[in-house]
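Hi there,

Here is the structure I promised to send over. Have a look first, and my notes follow below.

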Amino acid sequence: MAGGRPENRVRHGLALPYAEVMDSVQVRPMHESDLPSAERASAVTFFEAERATRRVSDPEVEERSAVASKQWIDRMRFFLNADPGGCWVAVEADAGTESAVGFAISQNRGRLWFLATYGVLPGYQGRGIGKGLMDAALAHADGRPGIFSSSVHPGATRRYRLAGFSLHPQLRMVGTVDRSTLPAVNGLREGRSDDFEWMDRLDRDLRVAGHGPDHGYMLNTLRLVVSEDRARPGYVYIDDRGQASLLAAADPETAQRLLWEALASSQGRTLVNCITAPNEWAVDVGLAARLDIGQEGYIAVRDMPVPAPYLASGHFL
């Protein structure tokens, strides 16, 4: 597979004890006790990256809130329990205490591998730590097709392309919805856990594999809205700010109805992101709602097409 399989890291799909030292930094499997330190590294890494790439017209970058930090830890704990072999951390020991300086949290779901989050503290970049983390995560993929959402960081995107991923530019739409543009939307209902079976079938059609246990986690933390018409299935998870966190549908018309439902529940400024070229149906909805369009990173895929009609989740893809 791309990047090579690190010797003795994975055998028959099982992660084995592994450590790699780069200077004073060790890359090893993540433990639950690493999560608070990894969250702090994540918050600093992405804050600095967003500040460095901020456009003049963009809002000021804000530090991650205490609530968002807790949500990050809870979500990564879920991944760690669901598929621990895909979760890696780079740590540096200081006076006997290990502190995370990098992280790569990936997951296998059936035939699909996805990278939920990945980063290295700015002061530790350029030392091979990111490569060590990515090699470990890719070894866990065991040749599966893969997908993740990527920033525009030049070092990261170079690494992804060298690993065989195609980088597809994403759009995002931001602003406050013009309520006068909201259409009457019908044919939708609140989703339930007994919808997961057909939702996973739809996922397999769109993205190689179902979300499996991810649906249960998302249902506990987000609002689920689904199409009533099983001949034209679709679903959307909506967060507490009314933003579409993940959307999948069998056809663009169903996808648009689901996105309009999310926009109708938005509060203040909202965001529609992870919009790729095959998903122009989302651009049409956003423009009709008077949102502003801009560019934002990439969807990276390997050995699979870009899903459509589909708006990926940053963490659950």
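Let me start with the aromatic rings. Phe78, Phe79, Phe114, Tyr217 and Phe316 are joined into a cluster by ring pairs, where rings of Phe, Tyr and Trp (its six-membered ring) pair if their centres lie within 6.5 Å, and planes under 30 degrees apart count as stacked, over 60 as edge-to-face and the rest as tilted.

Before going on, please keep in mind that this is a predicted model: local features need pLDDT of at least 70, side-chain atom pairs count only at pLDDT 80 or more, and totals for chains, interfaces and linings use all residues. Residues are numbered from 1 along each chain as its sequence is written, and side-chain values use heavy atoms, with hydrogens and water left out.

Back to the rings: searching the whole structure gives 14 aromatic pairs. In one of them, the ring centres of Trp113 and Phe165 are 6.0 Å apart with the planes at 45°, so this pair is tilted. Trp113 sits in strand β7 and Phe165 in the loop between α4 and β9, so the pair ties together parts that are 52 residues apart in sequence. (Helices, H or I and at least four residues, and strands, E and at least two, are DSSP runs numbered from the N terminus.) Both Trp113 and Phe165 are buried, where buried means under 20% relative accessible area, exposed over 50%, and partly exposed in between (1.4 Å probe, protein chains only).

Now for helix α4, which runs over residues 154-162 and has Ala156, Thr157 and Tyr160 buried. These cover an arc of only 95° around the axis, which puts them on the same side of α4; the arc is that of the directions from the helix axis to the C-beta atoms. As a reminder, an α-helix has 3.6 residues a turn, so residues three or four places apart point the same way. On the face turned away from the buried side of α4 are the exposed residues Pro154, Arg158 and Leu162. The partners that the buried residues of α4 pack against are β7 (112-120), α3 (129-141), β8 (146-150), β9 (166-176) and β15 (292-302), with contact meaning heavy atoms within 4.5 Å. Just after α4 comes Gly164, with a positive phi of about 95°.

Helix α5 (residues 196-207) is next. Its buried residues include Phe196, Trp198, Met199 and Leu202, and the buried residues of α5 pack against elements including β7, α6 (213-221) and β11 (223-227).

Which charged side chains pair up? There are 18 salt bridges, each a side-chain nitrogen of Lys or Arg within 4 Å of a carboxyl oxygen of Asp or Glu. In one of them, Arg77 meets Glu32 at 2.8 Å, N to O. Arg77 lies in helix α2 (residues 66-82) and Glu32 in the loop between β4 (25-29) and α1 (35-53), so the pair ties together parts that are 45 residues apart in sequence. Arg77 is partly exposed at 28% relative accessibility, and Glu32 is partly exposed at 43%. Glu32 and Arg77 also belong to a network of salt bridges with Lys70 and Asp74.

Another salt bridge joins Glu39 and Arg64 (3.0 Å, N to O). Here Glu39 is buried, with a relative accessible area of 7%, whereas Arg64 is partly exposed at 27%.
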